Amino acid sequence: MPVADVYDIDKKKVSQIELNDAVFDAEANPDVMYEVVRMQMASKRRGTASTKERGDIRGGGKKPWRQKGTGRARAGTTRSPLWRGGGTVFGPSPRGYAYKLPKKVKKMALVSALSMKFNEQRIIILKEFPSKK
């Protein structure tokens, strides 16, 4: 079993503690850790990009000119994507980028991160952590 030192708030060694093999002596899995970080970063994305499509733009209810006899191309609305002031075709709309990973994958990533930190000796265990009121 891995053994870690326990410190007090003044960085003085107080005792030692045995840690669980399953958590702190596991093999690191960088692929799983990457997936969890990717999921967290995707959840932070805003997803607020938006454009107005044909139906979102004001006006355009009246036919600009009659259908036949003018020599111009037929047009039904001034809000067509072909016209200036018209809507956008297939533009972005607000959406969420978040997705969920299975619980076992998240747990495996946490175990990998903790065991990696322990192997690099970057974990400090405090006896007690006084909180100020």
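# Pocket, sheet and core

Q: Hey, which residues line the largest pocket?
A: The largest pocket is lined by Val3, Ala4, Asp5, Tyr7, Phe118, Gln121, Arg122, Ile123, Ile124 and Ile125. A pocket here is an open set of points on a 1 Å grid over the protein atoms alone, where a 1.4 Å probe fits, with protein on both sides within 12 Å along at least five of seven lines; lining residues have an atom within 4 Å of a point.

Q: Before I go on, what should I know about the model and its numbering?
A: This is a predicted model, in which local features need pLDDT of at least 70 and side-chain atom pairs count only at pLDDT 80 or more, while totals for chains, interfaces and linings use all residues. Residues are numbered from 1 along each chain as its sequence is written, and side-chain values use heavy atoms, with hydrogens and water left out.

Q: Thanks! How much space lies in that largest pocket?
A: About 180 Å³. That volume is the space filled by probe spheres set on the grid points, which are joined across faces, edges and corners.

Q: And what classes of residue are in its lining?
A: The lining has 7 nonpolar, 1 polar and 2 charged residues. Nonpolar covers Ala, Val, Leu, Ile, Met, Phe, Trp, Tyr, Cys and Pro, charged covers Asp, Glu, Lys and Arg, and the others, Gly among them, are polar.

Q: Which element gives the largest share of the lining?
A: Strand β1 (residues 3–7) does, with 4 residues. Strands (E, at least two residues) and helices (H or I, at least four) are DSSP runs, numbered from the N terminus.

Q: OK, on to the sheet. In what order do the strands sit?
A: There are 3 strands in an open sheet, ordered β2-β1-β3, with mixed pairing. β2 (13–18) and β3 (125–126) are at the edges with a single partner strand each, so one side of each has no neighbour in the sheet. Two strands count as paired if DSSP finds at least two bridges between them.

Q: What holds paired strands together?
A: Strands of a sheet pair through backbone hydrogen bonds, either parallel or antiparallel.

Q: Which sense does each pairing of β1 take here?
A: β1 and β3 run parallel and are joined by 2 bridges, whereas β1 and β2 are antiparallel over 5 bridges. On the β3 side, Val6 has Ile125 as its bridge partner and Tyr7 stands opposite Leu126. On the β2 side, Val3 is bridged to Glu18 and Ala4 stands opposite Ile17.

Q: How many residues of β2 are buried?
A: The count is 0 among its 6 residues, which leaves β2 hardly covered.

Q: What's in the turn between β1 and β2?
A: The two strands form a hairpin with 5 residues between them, and Lys11 in the turn has a positive phi of about 65°. Ile9 is in that loop too, and at 46% relative accessibility Ile9 is partly exposed. Apart from neighbours within four places in sequence, Ile9 is in contact (heavy atoms within 4.5 Å) with Phe129 and Pro130.

Q: Switching topic: which residues make up the largest nonpolar core?
A: It has 5 residues, Val32, Val36, Met39, Leu101 and Ala109. Helix α2 (residues 30–44) supplies the largest share, 3 residues. By definition, a nonpolar core is a set of buried Ala, Val, Leu, Ile, Met, Phe, Trp, Tyr and Cys residues joined through side-chain atoms within 4.5 Å.

Q: What does Ala109 touch?
A: Ala109 is in contact with Val32, Met33 and Val36, leaving aside its neighbours within four places in sequence.

Q: Last one: is Gln121 buried or exposed?
A: Gln121 is exposed, with a relative accessible area of 73%. This residue is found in the loop between α3 and β3 and has a positive phi of about 55° although it is not a glycine. Phe90, in the loop between α2 and α3 (103–119), also has a positive phi, near 55°, and is exposed at 79%.

Key. Buried means under 20% relative accessible area, exposed over 50%, partly exposed in between (1.4 Å probe, protein chains only).
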